[in-house]
Amino acid sequence: MDQRQPVHPGDLTATEIADVLWLASLAGPTRAPSAPPVDDLPDREPPVPGPEPESPDDPEPPPRPRPVGTTPRPSPGVRRHPAPLPGAPPGADALAGPPRPLTDPLVLERALRPLRGRGSATGTLLLDEDATAERAVEAGLWLPVFRPEYDRAWSEVVLVVDDSPSMLFWRDTVRQLTELLSRVGVFRSVRTVRLATGPDGTDTAPRLRGPTRDLPPEALSSPAGTRLTLVVTDGLGPAWLTGAVTPLLHRLGRSQALAVLHLLPQRLWRHTGVATTPVRLSTDRPPPSNASLSVSTGPEYAGHADQPPVPVPVLEVDARWLHRWARLMAGRSVSGPEPLPVIMATREAPPPPAAAPDHPAPSGRELVRQARARLSPTAFQLAVHLAAVPLTVGPVQRVQGAVLPGSAPHHLSELLMGGLLRYAPNGAPAPFPFDFRDGVREELLSHGTHLGTTRAIRAVSRLLPADRWSDGQRLLVEALDGRESSMPEITDANRDSVAMAAVVLNALSGPYRRAALRTRDALSTSRLTMDPRFPDTAPVPRPSGLPSSIWGGVPPRNAHFTGRDGTLEALRRPLATDGTAQTPHALTGMGGVGKTQLALEYVYRHHRDYDLVWWFSAARPSTLSSGFRELAALLGLPTAPDGDDAVPRVREALRAGDLRQRWLLVFDGAEDVETVRPFLPLGGPGAVLVTSRSPQWAHVARTVEVDVFTREESVAMLRRRHPLIDTDAADALAETLGDLPLALEQAAVWLHDTGMPVGEYLALFTARLTELLGETPPYDYGTSVTAAWRLSLERLREDDPRALRLLHVLAWLAPEPVPRDLFARSAPGDVLLLSRAIRTLNRHSLARINHRDGTLQAHRLLSTVLRASMSDEERVSARDTARTLAALMPPGRTRTAHLLACDAARSEDPAVRSAALEQLRWLAEHGMAGDGHRLAEAVRENRPSSPAAAPPPLP
């Protein structure tokens, strides 16, 4: 055949075809024309040239590796970015940062390969380039080889994207899903349609909406049955929650192949409006519609005789789920060995649920308490961090990416399902149509840490330049920087952001308390000026009809309370004899010694002496404010609608004494004196009891120092909790745990629940210390040993690293008094810095400071926890310093314990080893052979190999 003659008249010659192929290889790929709008879908798509797809029965080839650094090219007509979802303003993506990628996109692509089936022949011949090149090589002839063209089994996939407000969380996921479907090589085009439920999120009549107009469901169907439809949703829209979407799914499923892609994990489906039934589906060919699927197993459904229910598979965005569905759509037998979750879509919507009974709205504290029991730990941490920032798209995604990178969009959905967020299209800051429910932000902040809250604020502040910050954000950042900023004029435009800043500063308390009060005063002044409904402060009238007694917030009594009779009596005498609450009384001590349990026992023993008993959780000002609002309501005191004036009204009522003849207020966990003092009543016929780790209460209150149990109390408590423990075993356990009440209670619960012998527990404690101390806390305490100290240690690391290093050194010494002057002798320098570090340890109650003897002492169990938590560098540095201190001590009884605790015998410092030998001489001279036996064995076992390094022998 002449290469210069065309095969058919008017066609290109073989030489011309070769030139075209060569030029095309140089020109590179061209951009395909955009697809027509979805509301003008043709009944039959024109054929698109392409490689011959595999047969449905062919084995699935492995995914072809993609060259490094290349980006997959989408199929012609693919809209790479779906229609914008509600609440997504222009430029929001730039503020939000990089999108979170889909999990294992290559695996998802492979899972969809069963859909690569071959359709019918189009009657058109295509140039087979490989066969043409093979003939040219083998026969030396440049003659084109043609092959018939086939349609793809599935010409197009239509994504019906739910546009309910909560789908804002999934904007990036929908975009990536669209791109994924475009590059799998299965569909000619990928299109998006909106499933509209109303712009305000309240219209529950769903409808399909194209770029320009609403569409009937039949517009998505294809007479050839070659179009797949995927409904993408999180199931939280009003149409799903009410079941109004069911008739639409029924109409779509009767005319085309349909599935629902649920963006949430299956474990969360039960909290959404997607109700599924596990059934087994089967088909012997690619189904043109869901109505042609056979329901092999599952319950029977009654429906109209002419239009029975249509099964609609519900899938996770996961390779296993997508692969089972793809095999079903390819006509490969059943949907899999396990039943597939399916919506049995009926022609009519289900009847509306019965109206819920009218209950009062729960408080913010109750909402957070209920949500914490239902939410995953990551979701609750996310809620706590978000409480410190404005709820807009940029800050929310910034917190997820920078502060809590392990979070995902479904954790945001959990907050909505858990009742912490509410839909607020007008009240919330645009463009995020959600806001925290009333009282939730304040309560969430009380569950956070100072470090976590400030980290979230800092991360969001870096999102925008300073000149674009809101007034509230500027107030927060300048307060964190230690600058006193000028208060902006409060207007309707900035009121919400300034109010949020006041809440956050109030929660941070401490040095930010003054800024919080300034901000709240500015808000109150503007509110009183602009809104006459808020009354001025007036004398509190005596309300009528008061109950005989008021009791609130008091935790349940500890049924296993043991001992402390002397401390309770020392507390009772001043509380009973003081006629007024001019001076509060405080129980102070380190974490875990049982201050709260002691106060609780006092309340239950003497509650009959009081007409009013109220227990406040004083860790955060927000919880104190909410407690005062509840008390004001029970006392019948008139307050403003938001309850901001509840604190002064209750304080004045209690001071006046005309409401109750005798009252008792307990402020539990009041660590910051300056934060709690504004809430204390100034006199009146009552008493104030405070529990705190901070010894600073000694400056403003009468304090009772709470110590660990005596050994007799420890043994009694263990035997009371676990009668099978003998006295010797209880004594050994108490010795190991340093008589710390919380640790003893936690160990008793473990022994009771597991039946483990005490000896086995002690061996396990030595090997698995951190895990055992972090176990589920005892019921009456509500916190574990590790958690009791974690907050103080975090604050210490942030506020005073020198104090933390000092505590690390104490941890490598014995739990015996250490003279303060040793630290000054070991590292001569600024005495003021050492004094400040000691003061910080004292304020956090992490060490016992004996001012009379001039000594410091760390608890045995805290030392053990600190040793296990130190880094290698911290451990070596602290241990070497402790050895130096032990070497500087004069010979005496306690020096042996310190030398053993810091493992001085292993030191390579000659001065330390000489000190160990000196101590052995002293023990021998004073007839203390028993005390010196362990030290002598340690010195003998660690004798230096080099004679030059060894100290002189004993005489």
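Buried means under 20% relative accessible area, exposed over 50%, and partly exposed in between, with a 1.4 Å probe and protein chains only. By that rule Trp 614, at 5% relative accessibility, counts as buried.

The model is predicted: local features need pLDDT of at least 70, side-chain atom pairs count only at pLDDT 80 or more, and totals for chains, interfaces and linings use all residues. Residues are numbered from 1 along each chain as its sequence is written, and side-chain values use heavy atoms, with hydrogens and water left out.

**Exercise 1. Describe the pairing of Phe 169 with Phe 434.**

Step 1. Start with the search: over the whole structure it finds eight aromatic pairs. Rings of Phe, Tyr and Trp (its six-membered ring) pair if their centres lie within 6.5 Å; planes under 30 degrees apart count as stacked, over 60 as edge-to-face and the rest as tilted.

Step 2. The ring centres of Phe 169 and Phe 434 are 5.6 Å apart and the planes stand at 40°, so this pair is tilted.

Step 3. Now place the two residues. Phe 169 lies in the loop between β3 (156-162) and α5 (171-183), while Phe 434 belongs to strand β14 (residues 434-436), so the pair ties together parts that are 265 residues apart in sequence. Helices (H or I, at least four residues) and strands (E, at least two) are DSSP runs, numbered from the N terminus.

Step 4. Check the burial: Phe 169 has 7% relative accessibility and counts as buried, and Phe 434 is buried at 2%.

**Exercise 2. Which residues form a cluster with Trp 614 through ring pairs?**

Step 1. Take the pair with Phe 616: the ring centres of Trp 614 and Phe 616 are 6.5 Å apart and the planes are at 50°, so the pair is tilted. Phe 616 is buried, with a relative accessible area of 2%.

Step 2. Follow the ring pairs onward, and Trp 614, Phe 616, Phe 628, Phe 667 and Phe 679 are linked into a cluster.

**Exercise 3. Work out the strand order of the six-stranded open sheet.**

Step 1. The order is β15-β17-β18-β19-β16-β20, and the pairing is parallel. Two strands pair if DSSP finds at least two bridges between them.

Step 2. Look for the edges: β15 (550-552) and β20 (702-705) each pair on one side only.

Step 3. Go through some of the bridges. Three join β15 to strand β17 (residues 612-617), and Trp 551 has Val 613 as its bridge partner in β17. Five join β18 to β19, where Leu 664 stands opposite Ala 687. Four join β16 to β19, with Ala 586 partnered by Val 690.

Step 4. Look at β19 itself: seven of its seven residues are buried. Gly 686, Val 688, Val 690 and Ser 692 point one way, and Ala 687, Leu 689 and Thr 691 the other.

**Exercise 4. Is helix α15 largely enclosed or open?**

Step 1. Count the buried residues: in helix α15 (residues 471-480) they are eight of ten, so the helix is largely enclosed by the rest of the structure.

Step 2. Name some of them: the buried residues include Gln 473, Leu 475, Val 477 and Glu 478.

Step 3. See what comes next: α15 is followed by Gly 482, whose phi is positive, near 80°.
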